[in-house]
Structures are given as structure tokens and as C-alpha cells.
Amino acid sequence: MGLLYPLSLLAQNTLEVTAKADTGSIRIGEQIKLHLSATVPAATFSKSDFKLLFPVVPDSLDHFEVVSRTSLDTVSRQDMKVLQQTLTLTSFDSGHWEFPPLKFEVYGATAANSVDTLFSQPLSFDVNTVAVDTTKAFKPIKTVQAVPWNIWDYWLYIVIGAAVVLIALGLWLYFRKRPEKKVVETLPLVTPYELATQQLKTLKDEKLWQQGDIKQYYTRLTDILRSYFEHQFGIAALEQTSEELLNNIKPVTKLNQQRDKLRSLLAIADLAKFAKLQPTDDEHEDCMRKTEEILEWTRPKEEPVTTTAVQGEKPQAQKEL
């Protein structure tokens with residue numbers, strides 16, 4: 001069904017508005033597509049004062065409901081501009097109904113500040129009920145029918161659940177079997193003997209006891225010796241008391257041969273560190289000399305080749321029992 005309603009004042013400009021429906025008859029509740037359009041000459045459309053307002057159709061009007069409406073669209077067609085909009089209508093009242101004319105307001109089409117009004121022609125619709133064959137007997141109302149269970153109705157949930165389970169299982173296996181990271185500690189490229197010798201030389205050069213820092217001197221001296229025992233012979237000397245250290249060096253023959261010298265050295269160092277004893281200058285030098293003698297006596301014949309070791313592993317002691 002097509003309807004055209006040109007305005008006589010604008011006939012020479014062929015400005016037209018139309019309202020077309022895709023059908024004139026529906027069953028109750030069915031929908032109708034109502035196409036509204038306005039055809040405007042391009043020269044008129046380009047005027048600065050020109051403005052065209054489409055009709056504002058309420059959501060509900062007599063016997064009709066507006067289900068949806070599109071936005072206003074503009075297309076070019078030769079020398080014309082076509083503005084169009086589509087309304088979706090429905091009706092729940094059976095009967096023959098007329099859809100009222102729709103008003104289009106036009107500004108500035110014929111002259112500046114001019115106001116004109118165009119109307120579409122009314123449309124008629126037949127809204128029919130569902131045909132009933134009265135010659136047949138009435139059938140009872142059916143009870144609620146249960147929908148049979150179908151696994152394909154739940155396939156998406158099953159896939160998502162399976163994916164979650166697989167991901168959780170994979171994470172559990174990964175964290176369960178993931179190897180622990182072992183920090184590789186780079187050991188100095190010198191042997192324990194060389195390191196202790198260098199540290200003793202540095203201690204001498206600092207002249208701590210000559211400057212009156214007796215406690216620091218003996219602390220450094222004994223730490224150098226204990227660290228040497230720990231790295232060279234695998235004795236946890238840094239964590240032991242002097243007496244424990246003297247007992248633990250017994251299995252190492254070379255160390256045990258220097259046991260008396262070490263006992264004397266540790267005794268003076270303990271008194272200086274913990275009892276604030278002030279040893280003489282000769283005792284300071286004697287302790288340094290004893291330390292050097294112990295190092296020299298226990299110096300391994302073969303230097304270790306390994307330059308790196310895994311944290312937590314004790315270096316192999318070169319014991320010469």
C-alpha cells in the first residue's frame with residue numbers, strides 16, 4: 001500500500017511525504033512495517049533555513065502500539081534527498097482500523113522563515129482474529145508439557161565445566177611437579193687458602209690493633225681462620241664456640257697437629273673480644289704469626305678446580321688425614 005500527499009504550495013518543488021505499510025491486513029498481535037519518507041529537492045534541502053520535522057508518533061494510540069522505530073536516515077537519489085524512517089506497529093484489537101494522517105512540518109522551503117505542513121494520507125488495516133472452525137468439537141486445554149532432556153541443550157555448560165576442571169588439574173600438576181629453583185652461587189675464583197691469605201694481608205695493612213681497635217682486630221682474625229676451616233675442610237667453624245671447634249678439628253690430621261697453636265690463639269682472641277683483655281703488642285703479632293703458620297701448615301697440595309657451586313652444598317674438603 002502506498003500513499004502520497006504532496007503539498008499544493010510546494011508542488012512546483014515536488015516536495016512529497018509518504019506513509020507506506022507493508023500490509024493492510026494482519027492477525028491479531030502480528031506486526032506491520034510502516035515506512036515514512038519525505039522526498040526533498042536537493043536545492044531546497046541545501047538551503048540554510050530549510051528544516052523538516054517528521055511526525056512524532058506516540059508509543060500507543062488508538063488500536064495500535066508502536067513496537068520499535070528506526071532512526072531517521074537520509075539518502076541521495078538523483079537531484080533529490082530522501083529522508084526515511086520505519087515504524088513497527090502491532091494491534092491487539094480485532095477489527096477494521098484507520099491509522100491517522102501523520103503531520104510533517106517544513107521550515108524554510110518556499111521562503112525564508114516560511115512554515116508549511118504536510119500530511120500523509122490515512123491508512124486502513126484489518127486486524128483479524130484466529131479463524132475457528134465451529135463445526136468441530138471443542139478440544140480440552142492441554143496440560144503443561146515437559147520438555148524432554150537433551151544433552152545438547154547444555155553442551156556449552158559442559159564444555160566450560162570441563163575446561164575449568166582441566167585448567168585446575170593442569171595447574172595442580174604444574175605446581176606439584178615444578179622443580180624448585182636452585183640459586184647458583186658463584187664462588188670467588190680463588191681457593192680458600194688464597195682468600196684467607198689475601199684477607200690476612202688486608203688486615204695487616206689496616207693496622208687495627210695499632211689504632212687501638214683490639215676487638216675488631218681479633219674478630220676479623222678469627223673469622224678469617226674460621227671461614228678458611230669451613231670452606232677448606234667442611235667444618236662449620238663460624239657457628240661453633242672455640243671449644244667446639246677444637247674438638248671438631250680432631251678428625252683432620254693436619255689441623256689437629258696445629259691444635260695447641262690454635263687453642264692459644266683462640267684463647268687470647270676470646271679474652272680480647274669478650275673480656276676486654278688488652279694483649280700486648282707482641283701477642284698481637286704472635287697471633288697473626290700463628291694464624292699464618294696454621295694456614296701454611298694446612299695448605300692443600302692440590303688447589304680446587306671448581307669455581308661454582310649450588311647453594312646449600314658444602315664444598316668438598318681436601319682432607320689429608
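I looked up Phe 125 and noted that this residue is buried, at a relative accessible area of 1% (buried means under 20%, exposed over 50% and partly exposed in between, with a 1.4 Å probe and protein chains only). The model is predicted, so I kept in mind that local features need pLDDT of at least 70 and side-chain atom pairs pLDDT 80 or more, while totals for chains, interfaces and linings use all residues. Residues are numbered from 1 along each chain as its sequence is written, and side-chain values use heavy atoms, without hydrogens and water.

Next I turned to the rings, where I found ten aromatic pairs in the structure (rings of Phe, Tyr and Trp, the last by its six-membered ring, pair if their centres lie within 6.5 Å; planes under 30 degrees apart count as stacked, over 60 as edge-to-face and the rest as tilted). One of them joins Phe 64 and Phe 99 edge-to-face, at 5.4 Å centre to centre and 80° between the planes. Because Phe 64 lies in strand S6 (residues 64–69) and Phe 99 in strand S9 (residues 95–99), this pair ties together parts 35 residues apart in sequence (strands are DSSP runs of E, at least two residues, numbered from the N terminus). I read Phe 64 as buried at 0% relative accessibility, and Phe 99 as buried at 1%.

I then recorded that Phe 64 also pairs edge-to-face with Phe 125, at 5.6 Å centre to centre and 70° between the planes. This pair links strand S6 to strand S12 (residues 123–128), with the two residues 61 apart.

How values were computed:
Helix = DSSP H or I, 4+ residues; strand = E, 2+ residues; numbered from the N terminus.
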